[in-house]
Amino acid sequence: MKKNQRHSAQEKNKGEVRIIAGLWRGRKLPVLNSEGLRPTGDRVKETLFNWLMPYIVDARCLDCFAGSGSLGFEALSRQAKAVTFLELDKTIASQLNKNLTTLKCTNAQVINQNTLTYLNQAQNTPHFDVVFIDPPFHFNLAEQTIHLLAQHNWLHNDALIYVETEREKLLTVPNNWQLLKEKTTGQVSYRLYQNLGSSI
């Protein structure tokens, strides 16, 4: 029985993400296997951070549905000012904290909470320059997240919002968001929007 338990634990802990560039280039971080956990692939991640290259240094970032933390860790490696990771699963959130400790990173925090619950709070002042939205597919979570970000004043003017969804998923976004980039790879569509601020 104990052998089986050890084997199950080893299986659960199998997996890793690789940081592509920046301070921790080439570092591999362990990822817990979990149903619905789908780390952004290196190819997509490289394209995204090419898009973000002029903006990521000193940016305050939010990694919604953080999971492996692949996007948030990449942003930190490329000298983002701070990253907030939102992760509902307690065990996965704990692994994110362990990885931050491994990297000796002090400008990030992990919040173990439902993303929609966290974002459903009105803000007096905006918080974020870059937001990553990469939720489990087929639950309409991307669109709900988008509207909570806009509704509750989380975003600075000119903030950039990355959204990853299942292929050909149609999104309704606020009128003051401009689509900057869009691409499809395999079964994944990904887009980069910019918040143009309130229209007067």
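**Close-up views of a predicted model**

**View 1. The lining of the largest cavity takes its largest share, 3 residues, from β7.** This is a predicted model, in which local features need pLDDT of at least 70 and side-chain atom pairs count only at pLDDT 80 or more, while totals for chains, interfaces and linings use all residues. Residues are numbered from 1 along each chain as its sequence is written, and side-chain values use heavy atoms, with hydrogens and water left out. Helices (H or I, at least four residues) and strands (E, at least two) are DSSP runs, numbered from the N terminus. A cavity is a set of points, on a 1 Å grid over the protein atoms alone, where a 1.4 Å probe fits but cannot get out; lining residues have an atom within 4 Å of a point. The volume of the largest cavity is about 60 Å³, taken as the space filled by probe spheres set on the points, which are joined across faces, edges and corners. Its lining includes Pro135, Phe137, His138, Glu164 and Lys169. By class, 6 lining residues are nonpolar (Ala, Val, Leu, Ile, Met, Phe, Trp, Tyr, Cys and Pro), 3 are charged (Asp, Glu, Lys and Arg) and 3 are polar (the others, Gly among them).

**View 2. The second largest cavity holds about 40 Å³ of space.** Of its 10 lining residues, Val31, Leu32, Gly67, Ser68 and Gln95 lie nearest the centre. Helix α4 gives the most to this lining, with 4 residues. The lining has 6 nonpolar residues, 4 polar and no charged.

**View 3. The largest nonpolar core has 35 residues.** Such a core is a set of buried Ala, Val, Leu, Ile, Met, Phe, Trp, Tyr and Cys residues joined through side-chain atoms within 4.5 Å. Buried means under 20% relative accessible area, exposed over 50%, and partly exposed in between (1.4 Å probe, protein chains only). Leu52, Cys61, Phe73, Phe85 and Phe132 touch the most other members. The largest share of this core, 5 residues, comes from α2. Not counting residues up to four places away in sequence, Phe73 is in contact (heavy atoms within 4.5 Å) with residues including Trp24, Phe85 and Leu100.

**View 4. Helix α6 spans residues 141-151.** Its buried residues include Leu141, Glu143, Ile146 and Leu149. Among the elements that cover the buried residues of α6 are β3, α5 and β8. Ala150, also in α6, is partly exposed, with a relative accessible area of 36%. The C-alpha atoms of Ala150 and Leu119 are 9.7 Å apart, although 31 residues separate the two in sequence.

Terms used. 1 Å grid on protein atoms, 1.4 Å probe; cavity = no way out; pocket = protein on both sides within 12 Å on 5 of 7 lines; lining within 4 Å.
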